[in-house]
Number of protein chains: 2
Amino acid sequence: MRYSRSFIFTAKENPSDAEVVSHRLMLRGGYLKKTAAGIYSYLPLAHRVVRKVEAIIREEMEREGAEELLMPAVLPAELWEESGRWHKYGPELLRFADRHGRDFCMGPTHEEVITDIVRQGISSYRHLPKNLFQVQTKFRDEIRPRFGLMRGREFIMKDGYSFDADDDAAALTYEAMYRAYCNIFRRCGLQFKAVEADSGQIGGSFSHEFMVLAKSGEDGIASCTQCSYAANLEKAVNANTWQCQPQGKPEGKRAHTPGVTTIDELASFFNTEDSALVKAVAFVDSKDQVVLAFIRGDRDINPVKMERLHGDDLHPASTERLMQAGLEPGYLGPINLPQGITVYLDNSLHSLDQLICGANEAEYHITELNPGALAENGTFADIGTVVAGDHCPRCQSALEIVRGIEVGHIFRLGKIYSESMKATYLDRNGKEQLMVMGCYGIGVGRTAAAAIEQNHDDQGIVWPMAIAPYQVVICSVNPAKDEATRQAADNLYERLSSQLEVLYDDRNERPGVKFIDSELIGIPLRVTVSQKTLSQNSVELTIRRTGEKYMQPLEALDAHLRDLVRMQMEEGS
Amino acid sequence: MRYSRSFIFTAKENPSDAEVVSHRLMLRGGYLKKTAAGIYSYLPLAHRVVRKVEAIIREEMEREGAEELLMPAVLPAELWEESGRWHKYGPELLRFADRHGRDFCMGPTHEEVITDIVRQGISSYRHLPKNLFQVQTKFRDEIRPRFGLMRGREFIMKDGYSFDADDDAAALTYEAMYRAYCNIFRRCGLQFKAVEADSGQIGGSFSHEFMVLAKSGEDGIASCTQCSYAANLEKAVNANTWQCQPQGKPEGKRAHTPGVTTIDELASFFNTEDSALVKAVAFVDSKDQVVLAFIRGDRDINPVKMERLHGDDLHPASTERLMQAGLEPGYLGPINLPQGITVYLDNSLHSLDQLICGANEAEYHITELNPGALAENGTFADIGTVVAGDHCPRCQSALEIVRGIEVGHIFRLGKIYSESMKATYLDRNGKEQLMVMGCYGIGVGRTAAAAIEQNHDDQGIVWPMAIAPYQVVICSVNPAKDEATRQAADNLYERLSSQLEVLYDDRNERPGVKFIDSELIGIPLRVTVSQKTLSQNSVELTIRRTGEKYMQPLEALDAHLRDLVRMQMEEGS
């Protein structure tokens, strides 16, 4: 493609509203154009990247026996009512009525639709397994869309769904999808990690997230320094074996602490460490019942673990609700509680010989509390967020914390949807059975954005070869003044573009402008053609990732470029 | 792909709600699953067809210099307000509010979005021309969706938009797109016609529709029997040279005609032909002004030509509105009209020596009216629908009427959108100019459906090779009983699927079931492997289109199949 013909418009200035690198570089590099909050056009460069990611996904999904289809974007409420999600799903589900007043939504995920399709087609065990996927534009009405393609409202997603006869077969399919996902992200040239994850709103018993590792990642990952264990911080298990020598009195000692309500204030009031205190966090569940969580003062309660333990959604409790329940905000503690409060205690409290906690009475804390008294007041569990150095649940080695960007998620759904939507088949004995489902998503645009978060420098994007919009850029130096250079560059473009994906910067711009643009856009290999290089029967070759630069004789150029492309593809960079 | 593994479920019965062949066969053949009225899932077979059509479109668009991008599906009201279409567009535009209450719509077409993108990027004549397209799922809230993919609400469309510096350049781009479209439909293996068309809601001065010819086509096409002229009946020009010998009196003769109000009644009352009478059709325009049209009794008023002539939308006038204007429904005529009525007269009235028409008075018509009196009462024009035998506007030969299905439409938009949305550039002299636009659509799913309307028989679909979901189907006869046949078919599948697109019907079903399914699904070439064929070291080959059947030695099979595929591709069938 000739640059002059292509729709590429780069910007010198950083856009003011782009907070993350990928968003900034995609706007500056002419990859994206914002149409509304969280809604973007994929300009030709971005479209090329997205189509390459899609092509890799298709190949690997098909290799594992999955088949592509395309479901609707606009979905009728009836199907979502059948699964119960029409009412359960929050305002991210964009709901609207058609001209006849019938309720519809923009599908952010397609479990209901695929289950409806499959239950109609499949009647016998002989029809199983089936594994179907689609690549589709989806919509999720994020309250605060940001970070460009990272958290947009409209986004391109590959979503796949599998149907098996039983759990064993479903486990094999899950493994196949795990394998496909590893191949996909490896082929995209990304450093990634598959981590155990919480299943969230989709439901199901077991899931893995695929995380592209990047310092800017939104998600924390607890990763074992010795074994292969890795889990999202939302889910990572803390296997520390806590020990203490209980001291103090069963009822503790009242201390007058007017205006001392935060952990910081408390630590300085008692002249001690955060780790010697008890921290309280208050929630209400979906029935508006108060749920209190207590943890060692230097640690944080993990709301996702809390929800899983409690088996219900939890939201922060308001001051009013706490007072109505007979509680004193700022002075919450695990003893002397009013009736009807559910209490969870993090295992980390087992490390304290004696406790300092709220007295459940205004302006009072309790000190010298013997921890032996706690177990009868609530349930001990692992409800804190893991920190570096905590023990791995598999091998007890130290965990480390890294950051990642979630680009894929695979779930074992089990029978949730086949049960609510009656997706059954007849087994070998003619007995009706529920199908066992799995679902498998990849954020396509997000993968492109994550690739940039992981691969960039001060000059711009450094695309992995496999998903770069073009493999090679040819820059002609002063083509308007120097006809021989123009002619040579034209010829080179004609010749190379039948073998490689070439962007030909034929613009009448200064070489510096062309170099800056090619680095911003991030094309892996640059071929510079000038009077000087031609006088040596050569071109200058620049490797974007390393900055390496050398003269390359014209005659061996084609094969050399093909080799470089192949090698970079294989290295995954 | 193995049939047993693929998601293909055919039905014996015709679905009750499918009125047209393509809809019926796509439902029966396991191509489509309805999710809501006018909203379908493309099951794997359909998805393969759609992707092939898309691939052909991409290649031909890119060959003519167009570049692909992807714009959002959900569009903010602001952009549509800028062009004025937010209020102009009817209820087919699906409008809704996001969670913050901001207005959006599902984009049925993307002139506004692309103009917004281009006006931001392009500032100089050096950036022009640009030609951009996308392939996207779109939504149009049809009041009565039907005919499957023919008139669905959610549909896949290729829409392209071009930007040129001036009319001459825009004309060249239009020609390039005309050429691309001809290549696309030719390569899809379709019989089609490019016809002159009305520009409708998109606007613009000039357009061509691409029609797949089929008896079931919704659109009528006037096509010259001698020259290349072809036009949609909505637009086709009638070049008949009408002549008459005016007779009768300037004021005619009143005739009492109680209860005689239709053309049929009038013809029998006066014992004459429809062609001797004047037919009246009454409209109101957007300002609620009454507009009357008169035409020879055997012909029909063409509402699209009327709107174009009147320069405004027209709707049928109600009885009340006519009486309020001092008119007598059933007795409308072109003379003695009250003030303030706009009158158009079809040129066909020039063929009547004397007229029989309504008297604009209850229960009276006028006979023996001299046509010479008419010209001062209204405007003569070509406002009728062409019929077979009318004269071609290019060569005066007879027109014939054929039926077609619109699958593509190209428009010269001119400056409509660049003016309302201020898409300008600086010309060579530094002067600001409006860009000249064109737009170019193809209904992707519709093309697949139209292909079926044109290519089917009693057994099912007869796909053109280029867009068939698979090129070859292998049917094994009694594989469960006959291990040698199963083994041979397996081997053949392995071998052929590296060279061709093969569906392998490996099911444990009777041969008759397999043959019926393969014909319903419409795979162009069938290879049958049985004990009998293997005993002759052969397979049986069946050509879907011709029904031709013959034994083919196994050793020459691969090359023979490749030849057949190539030949059918080249023939476009």
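Predicted model: local features only at pLDDT ≥ 70, side-chain atom pairs only at ≥ 80, totals over all residues.
**Figure 1. Two helices meet in chain A.** Contact here means heavy atoms within 4.5 Å. Two packed helices are described by the angle between their axes and the distance between the axes. For helix H1 (residues 21–28) of chain A and helix H11 (residues 444–454) of chain A, the angle is about 105 degrees and the axes are 8 Å apart. H1(A) and H11(A) are therefore roughly perpendicular to each other, since angles from 65 to 115 degrees count that way.

**Figure 2. Now for H1(B) and H11(B) in chain B.** How do the axes of these two helices cross? Helix H1 (residues 21–28) of chain B and helix H11 (residues 444–454) of chain B have axes that come within 8 Å and cross at roughly 105 degrees. That makes H1(B) roughly perpendicular to H11(B). On the H1(B) side, look for Val21(B), Ser22(B), Leu25(B) and Met26(B); they meet Ala449(B), Ile452(B) and Glu453(B) in H11(B). The residues in this contact fall into 5 nonpolar, 1 polar and 1 charged.

**Figure 3. Chain A and chain B share an interface, with 61 residues taking part from chain A and 61 from chain B.** The size of an interface is often given as the accessible area lost when the parts come together. Between chain A and chain B, about 5300 Å² is buried, and carbon and sulfur atoms give 59% of that. Which residues of chain A lose the most area to chain B? They are Arg5(A), Phe7(A) and Arg99(A), which together make up 14% of what that side buries.

**Figure 4. Salt bridges and polar contacts link the two chains.** There are 6 salt bridges between chain A and chain B. One of them pairs Arg99(A) with Glu92(B), and the closest N and O atoms are 3.7 Å apart. On the side of chain A that touches chain B, helix H5 (residues 111–121) of chain A gives the largest share, 6 residues. By class, that side of chain A has 33 nonpolar, 12 polar and 16 charged residues.

**Figure 5. A cis peptide bond turns up in chain A, and one turns up in chain B too.** Most residues other than glycine have a negative phi, and most peptide bonds are trans. In chain A, the bond from Leu128(A) to Pro129(A) is cis, with omega near -5 degrees. Pro129(A) sits in the loop between H5 and strand S7 (130–139) of chain A. Over in chain B, Leu128(B) and Pro129(B) are joined by a cis peptide bond with omega of about 0 degrees. You'll find Pro129(B) in the loop between helix H5 (111–121) and strand S7 (130–139) of chain B.

**Figure 6. Asn336(A) has a positive phi.** Its value is about 55 degrees, although Asn336(A) is not a glycine. Where in chain A does Asn336(A) lie? Look in the loop between helix H9 (319–324) and strand S17 (342–346) of chain A.

Technical notes: Residues numbered from 1 in each chain as written. Chains lettered and ligands numbered in written order. Heavy atoms only, no water. Axes fitted to C-alpha atoms, helices over the stretch in contact; angles between N-to-C directions. Helix = DSSP H or I, 4+ residues; strand = E, 2+ residues; numbered from the N terminus. Parallel < 35°, antiparallel > 145°, perpendicular 65-115°, else oblique. Nonpolar A, V, L, I, M, F, W, Y, C, P; charged D, E, K, R; others polar. Buried area = accessible area lost by both parts, 1.4 Å probe. Salt bridge = Lys/Arg side-chain N within 4 Å of Asp/Glu carboxyl O. Polar contact = N/O pair within 3.5 Å; in protein donor to acceptor, adjacent residues only side chain to side chain.
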